[in-house]
Amino acid sequence: MTSCIFCKIVEGTIPGEKVYEDDHVIAFMDIMPVTKGHVLLIPKTHRENVYELTEEEAANLFKAAPKIANALKEEFQPSGMNLLQNNGSFAGQSVYHFHMHLIPRYDKTDGLKVEFNTKVEQFPMDVVSELATNISRRLQE
Ligand code: AMP
Ligand code: ZN
């Protein structure tokens, strides 16, 4: 896709600080890193989001993810690592070419805050169980 900024990085028409490349994926430094070593992993083929990925494309992405995560771990010795992937503007997606953020974490005051605001009362186990039934029915279709 000619208008897509990440496709342009794949094609080499705009610069990217590439850290990994194989036949199917590339990984490069985020231009506005939230922590030291913030990397983006993308498929070379333009796919907007997780819903559009083929099984093979997803497998190729996840095949590369541990390699990159381990390189970041060895290089920076972070305290933890978040893999984050946004789909849709409501979920925080701003570039519409699938990308997985690999974000090394250092301390509570680094650039990322991930918080689960669990509403236990809204999802008692019988509700959760019904949700599971409905989801798995779709997966068997
Ligand atoms: P998201 O909000 O999940 O869509 O994340 C998009 C990410 O892409 C942000 O973290 C941006 O800083 C990053 N980004 C945007 N343009 C570039 C670029 N040209 N090179 C590297 N990273 C970029
Ligand atoms: Zn693209």
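From the N terminus onward, the secondary-structure elements of the protein chain in this predicted model follow the order α-β-β-β-α-β-β-α, giving three helices and five strands, where helices (H or I, at least four residues) and strands (E, at least two) are DSSP runs numbered from the N terminus. The C-alpha trace of the chain spans about 50 × 40 × 25 Å along its principal axes. Because the model is predicted, local features need pLDDT of at least 70 and side-chain atom pairs count only at pLDDT 80 or more, whereas totals for chains, interfaces and linings use all residues. Residues are numbered from 1 along each chain as its sequence is written, chains are lettered from A and ligands numbered from 1 in the order in which they are written, and side-chain values use heavy atoms, with hydrogens and water left out.

The largest pocket has a volume of about 570 Å³; a pocket is here an open set of points on a 1 Å grid over the protein atoms alone, where a 1.4 Å probe fits and protein lies on both sides within 12 Å along at least five of seven lines, and the volume is the space filled by probe spheres set on the points. Among the 24 residues that line this pocket (an atom within 4 Å of a point), Phe 6, Asp 30, Ile 31, Met 32 and Leu 40 are the closest to its centre. Two or more lining residues come from each of helix H1 (5-11), strand S2 (25-29) and strand S5 (100-105), and H1 provides the largest share, three residues. By class, the lining comprises 15 nonpolar, seven polar and two charged residues, with Ala, Val, Leu, Ile, Met, Phe, Trp, Tyr, Cys and Pro counted as nonpolar, Asp, Glu, Lys and Arg as charged, and the others, Gly among them, as polar.

Ligand 1 sits in the largest pocket, in the sense that more than half of its atoms lie within 2 Å of the grid points. Of the 16 residues around ligand 1 (a heavy atom within 4 Å), Asp 30, Asn 86, Gly 92, Ser 94 and His 101 come nearest. This shell contains nine nonpolar, six polar and one charged residues; H1 and S2 each supply at least two of its residues, and H1 gives the most, with three.

An N or O atom in the side chain of Asp 30 is 2.5 Å from a ligand oxygen, a polar side-chain atom of His 101 lies 2.8 Å from one, and a backbone N or O atom of Val 95 lies 3.1 Å from one. The protein covers 85% of the 500 Å² of accessible area that ligand 1 has on its own, as given by the Shrake-Rupley method with a 1.4 Å probe.

Key:
A polar contact is a pair of N or O atoms within 3.5 Å; within protein, one must be able to donate a hydrogen and the other to accept it, and residues adjacent in sequence count only if both atoms are side-chain atoms.
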